[in-house]
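Please keep the sequence and the model in view while reading.

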Amino acid sequence: MFEKLQRAFWKALTPDLIAETVVAPAQGLLSTEVLSALGGVDNLKSQQHVALTRVRVQLQDAGRLDAQALKAAGVAGVMVLTGGVVHLLTGL
């Protein structure tokens, strides 16, 4: 219950949030350069827009992530979390 209330509170404070929908990797929210830097389409479990400027990606193998290639592809920031979850700051 508290977690739902906390999530609703943060959504109210951040107007750039969009609906939480998980997209299959084949549908393509990301460019081909970013996908290859993440280890290819076969390395993605899911991808989801968190906000207008952020994408949450879950990877099969986080070791295949190439941070330098992501920067070269135009990703402003990368945050790697446990469980193969990666947050990408895609722009303003």
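Through how many residues does a hairpin join S2 to S3? The hairpin that connects these strands runs through two residues. The model examined here is a predicted one.

Strand S2 covers residues 44–51 and pairs with S3 in the antiparallel sense, over six bridges. Within this pairing, His-49 is found opposite Val-55 of S3. S3 also pairs with strand S5, residues 85–89, again in the antiparallel sense and over five bridges. There, Leu-88 of S5 is the bridge partner of Val-55.

The side chains of S3, residues 54–59, alternate along the strand. In soluble globular proteins, nonpolar side chains tend to be buried together.

The largest nonpolar core has 14 residues, and among those that touch the most other members are Val-57, Leu-59 and Leu-88. Helix H2 (32–37), S3 and S5 each contribute at least two residues to this core.

Val-57, which lies in strand S3, has a relative accessible area of 0% and is therefore buried, the cut-off being under 20%. Beyond four places away in sequence, Val-57 touches residues including Leu-30, Leu-38, Ser-46 and Leu-88. Val-85 is another of its contacts; Val-57 and Val-85 are 28 residues apart in sequence, yet their C-alpha atoms are 5.7 Å apart in space.

Technical notes:
Residues numbered from 1 in each chain as written. Predicted model: local features only at pLDDT ≥ 70, side-chain atom pairs only at ≥ 80, totals over all residues. Heavy atoms only, no water. Buried < 20%, exposed > 50% of the residue type's maximum accessible area, 1.4 Å probe, protein only. Helix = DSSP H or I, 4+ residues; strand = E, 2+ residues; numbered from the N terminus. Pairing = 2+ DSSP bridges. Core = buried A, V, L, I, M, F, W, Y, C linked by side-chain atoms within 4.5 Å. Contact = heavy atoms within 4.5 Å.
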